[in-house]
Amino acid sequence: MKLLHRSAVPSLPFPHLVSPTFGIPTGERHATNHPPVLRWHLALCGLLISGVVLLVGTPVRAELAELYSLTTLGSLGGTFSKAHGNAAGQVVGQAETTGGAAHAFVFSNGTMTDLGTLGGTASEAHGINMSGQVVGRAETTGGAARAFVASNGTMTDLGTLGGTASHAPGINTAGQVVGWATTTGGAARAFVTSNGTMTDLGTLGGTESVAYGINTAGQVVGRAQITGDAAQPHAFVFSNGTMTDLGTLGGTSSQAHGINTAGQVVGQAQTTGGNMHAFMTSNGTMTDLGTLGGTSSYASGINAAGEVVGASKITGDAALNAFLYKHGSLVNLNSLLNSNASGWTLEEATAINDNRQIVGYGLNPLGQRMAFLLTPVPLPSAVLLFGSSLIGLVGWQLKRKRLNAAV
């Protein structure tokens with residue numbers, strides 16, 4: 001049985017799988033009028049500025065002030081993997097086994113571990129908290145897809161709301177799990193579990209709803225059908241027993257994928273022109289994050305600092321590329337990779353943690369779709385190293401000149 005993508009119940013239109021410049025002031029330079037030591041200082045300043053320019057490279061990189069190193073997570077013996085969540089350096093997702101099955105995994109300290117299933121053939125993990133509890137869905141012996149929580153090597157079936165299927169995409173630090181489950185009548189409803197009890201969160205007046213994320217305060221986000229327009233769900237935030245409609249970007253549908261500790265929500269919403277765009281809400285205002293030149297985008301995750309990750313169609317809708325949104329700019333993550341990621345194309349960034357580590361999936365140099373972990377490499381450190389080296393070089397040159405003068 002092929003497991004469905006998180007947006008499969010119900011479906012939405014978006015078709016995805018499952019600057020400042022630097023310069024040196026111009027003007028006449030009378031270097032010959034400066035003492036030798038001052039000339040060395042001026043030369044050093046020029047080299048340092050040139051180093052910053054070279055390390056930063058583009059205006060976008062100058063603004064973000066960092067590059068990312070890429071760690072390939074590999075697979076469970078097969079040829080594909082996808083990462084969906086990360087916390088405390090641990091990554092979860094789905095990977096192909098040697099036998100060709102798709103299994104949930106957790107990646108920690110350089111090792112990918114197969115989490116198994118609930119007796120069936122397939123599983124996938126979508127979320128993990130700081131305690132290492134993993135959530136997702138897995139097939140049972142009878143072939144049903146069920147939400148699970150895995151802790152200390154044991155996978156537990158979370159059950160349903162009376163129906164046959166369920167899925168758990170999110171978990172917070174307190175161990176509260178969110179997702180969707182079918183009712184006795186077969187409708188999909190958003191739920192939250194607390195102390196072993198699964199609670200139906202209701203809808204916005206329609207029949208179905210789905211929950212994707214939950215923050216430390218227990219606020220839940222997802223999508224729900226509204227009154228009189230069951231085919232067009234709206235993004236919601238559920239807090240203190242109330243489900244609130246977050247609206248759209250002028251169109252008819254939206255869905256929310258993540259929420260941070262400050263209550264900022266991210267997802268995708270339809271614009272007036274009918275395209276689906278990534279959004280972020282803050283203080284009740286929904287902001288269109290734009291695209292990477294294409295017609296559609298969606299935001300998958302947000303951290304405590306308000307940094308957002310997701311994917312967007314590029315110019316001409318030729319491909320889907322991963323993005324990072326921070327400081328008001330939407331940037332293609334492929335432009336922020338350091339040299340160790342040569343040959344990779346990042347397709348989707350699915351989550352970003354508070355250490356600013358990003359996970360997702362893309363095409364590796366062999367053309368295989370594989371999970372990745374990005375770790376920031378701050379440019380200020382590189383500039384400092386470059387500057388320290390130059391200072392050492394200048395000091396050595398001055399010492400040599402003094403020794404030569406003494407001779």
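Reader: Hi! Which strand is threonine 193 found in?
Author: Threonine 193 belongs to strand β12, residues 188-194. Strands here are DSSP runs of E, at least two residues long, numbered from the N terminus. This is a predicted model, in which local features need pLDDT of at least 70, side-chain atom pairs count only at pLDDT 80 or more, and totals for chains, interfaces and linings use all residues. Residues are numbered from 1 along each chain as its sequence is written, and side-chain values use heavy atoms, with hydrogens and water left out.

Reader: Thanks! Is threonine 193 buried or exposed?
Author: Threonine 193 is buried, with a relative accessible area of 8%. Buried means under 20% relative accessible area, exposed over 50%, and partly exposed in between, using a 1.4 Å probe and protein chains only.

Reader: And what does threonine 193 touch?
Author: Not counting residues up to four places away in sequence, threonine 193 touches Gln176, Val177 and Met198. Contact means heavy atoms within 4.5 Å.

Reader: Where is valine 177, then?
Author: Valine 177 is in strand β11, residues 177-183. Valine 177 counts as buried because its relative accessibility is 2%. Beyond four places in sequence, the residues that valine 177 touches include Val135, Leu158, Phe191 and Thr193.

Reader: New topic: which residues of the largest nonpolar core touch the most other members?
Author: Of its 18 residues, those are Tyr68, Leu70, Leu324, Leu333, Leu346, Ile358 and Leu374. β1 (66-74), β24, β26 (345-352) and β28 (369-378) each supply at least two residues of this core. A nonpolar core is a set of buried Ala, Val, Leu, Ile, Met, Phe, Trp, Tyr and Cys residues joined through side-chain atoms within 4.5 Å.

Reader: What is leucine 333 in contact with?
Author: Leaving aside neighbours within four places in sequence, leucine 333 contacts Tyr68, Ala322, Phe323, Leu324, Leu346, Ala349, Ile358 and Leu374.

Reader: You mentioned Leu324. What stands opposite leucine 324?
Author: That would be valine 331 in β25. Strands β24 (residues 320-326) and β25 (residues 329-332) pair in the antiparallel sense over four bridges. Two strands pair if DSSP finds at least two bridges between them.

Reader: What happens at histidine 327?
Author: Histidine 327 takes a positive phi near 55° in the hairpin of β24 and β25, which has two residues between the strands.
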